[in-house]
Amino acid sequence: MASAGSQPASQASAAAKNFAANLSVPGWLIYGGCIAAFIGVFLPWVTVSANVIIQVSVNVSPSQRPALMIFLLAVIVVTAGLAWTVLSAAPAVPAGRLTGLAASAGGLILGILLGIYWYFSGASEISDQLGGSGSSLSSLVSVSLNFGFILYTVGVAVVIAGVVMLWRKRPSASPSMQPPIQSY
């Protein structure tokens, strides 16, 4: 006979399993992507290193720029909020919410574009910090992408895949016109 203390724990476990089983595939994708992007915001995105008399290394990430970090985190939270109705596989997602999800995915893409900019402008940034001209130090500078940018990018790609799945599942606005079947 089970003790009274283990019964609520088993009920909570059953409820969690039931919730996970009812979560739609787009819901898994969107929320998994949001979690990955959220974690990626706090990790270094780009490392810029230079071998000039001493080894100089600079990590660049959104967490070093508070306004940018708040923007990216806000877009992730908005995406998760808009996807709340996607949690259950049963209801259809309203068209306005789908449009909002597509727009928030576009906002997440801005973070990827920023990471690419940081990657390509890294050599000039560290050259400016060292007081040299960009052309004289660029051969001594190495720029590499870090796990934070890769995790963020994968998270955004997964969110976009979930949004695309929702768009493909949405009911069409007009009924399809099929010719009547005639029997011979």
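A residue counts as buried when its relative accessible area is under 20%, as exposed when it is over 50%, and as partly exposed in between (1.4 Å probe, protein chains only). By that definition Trp-45 is buried, because its relative accessible area is 0%. The model is predicted, so local features need pLDDT of at least 70 and side-chain atom pairs count only at pLDDT 80 or more, while totals for chains, interfaces and linings use all residues. Residues are numbered from 1 along each chain as its sequence is written, and side-chain values use heavy atoms, with hydrogens and water left out.

**Overall make-up**

- The chain has six helices and three strands; helices (H or I, at least four residues) and strands (E, at least two) are DSSP runs, numbered from the N terminus.
- Read from the N terminus, the order of elements is α-α-β-β-α-α-α-β-α.
- The chain has 184 residues, of which 34% count as buried.
- Among contacts (heavy atoms within 4.5 Å) with a separation of 6 or more, 76% are between residues 24 or more positions apart.

**Nonpolar core**

- A nonpolar core is a set of buried Ala, Val, Leu, Ile, Met, Phe, Trp, Tyr and Cys residues joined through side-chain atoms within 4.5 Å.
- The largest such core has 34 residues, and those touching the most other members are Ile-30, Val-41, Trp-45, Ile-76, Leu-108, Tyr-152 and Leu-166.
- At least two residues of this core come from each of H2, strand S1 (46–52), S2, H3, helix H4 (95–130) and helix H6 (147–169).
- H3 gives the most to this core, with seven residues.
- Leaving aside residues up to four places away in sequence, Ile-76 touches Cys-34, Ala-37, Phe-38, Val-41, Leu-108 and Tyr-152.

- Trp-45 is placed in the loop between H2 and S1.
- Ser-61 sits in the loop between strand S2 (54–60) and helix H3 (66–82), and with 4% relative accessibility it counts as buried.
- Trp-45 and Ser-61 are 16 residues apart along the chain, and their C-alpha atoms are separated by 5.0 Å.
- Beyond four places in sequence, Ser-61 touches Leu-43, Pro-44, Trp-45 and Trp-118.
- A polar contact of 2.8 Å joins the side chains of Ser-61 and Ser-63; the term denotes a pair of N or O atoms within 3.5 Å, where within protein one must be able to donate a hydrogen and the other to accept it, and residues adjacent in sequence count only if both atoms are side-chain atoms.
- Trp-118, in helix H4, is buried at a relative accessible area of 5%.
- Contacts of Trp-118, apart from neighbours within four places in sequence, are with Trp-45, Val-46, Val-60, Ser-61, Pro-62, Arg-65 and Leu-68.

**Pro-26 in helix H2**

- Pro-26 belongs to helix H2 (residues 25–41) and is buried, with a relative accessible area of 1%.
- Not counting residues up to four places away in sequence, Pro-26 touches Val-86, Gly-162, Met-165, Leu-166 and Lys-169.
- Pro-26 and Val-158 are 132 residues apart along the chain, and their C-alpha atoms are separated by 9.3 Å.

**Ser-104 in helix H4**

- Ser-104 lies in helix H4 and is buried, with a relative accessible area of 7%.
- A polar atom of the Ser-104 side chain lies 3.0 Å from the backbone oxygen of Leu-101.
- Outside four places in sequence, Ser-104 is in contact with Val-75, Val-78, Thr-79 and Leu-82.

**Nonpolar surface patch**

- Phe-71, Ile-109, Leu-110, Leu-113, Ile-116 and Phe-120 form a nonpolar patch on the surface, and together they have about 580 Å² of accessible area.
- Patches are made of residues with over 30% relative accessible area and no salt bridge, with like charges joined within 9 Å and nonpolar side chains (Val, Leu, Ile, Met, Phe, Trp, Tyr) within 5 Å; a salt bridge is a side-chain nitrogen of Lys or Arg within 4 Å of a carboxyl oxygen of Asp or Glu.
- H4 gives the most to the nonpolar patch, with five residues.
- Phe-120 lies in helix H4 and counts as exposed, at 65% relative accessibility.

Methods. Accessible areas come from the Shrake-Rupley method with a 1.4 Å probe; for residues, only the protein chains shown count as cover.
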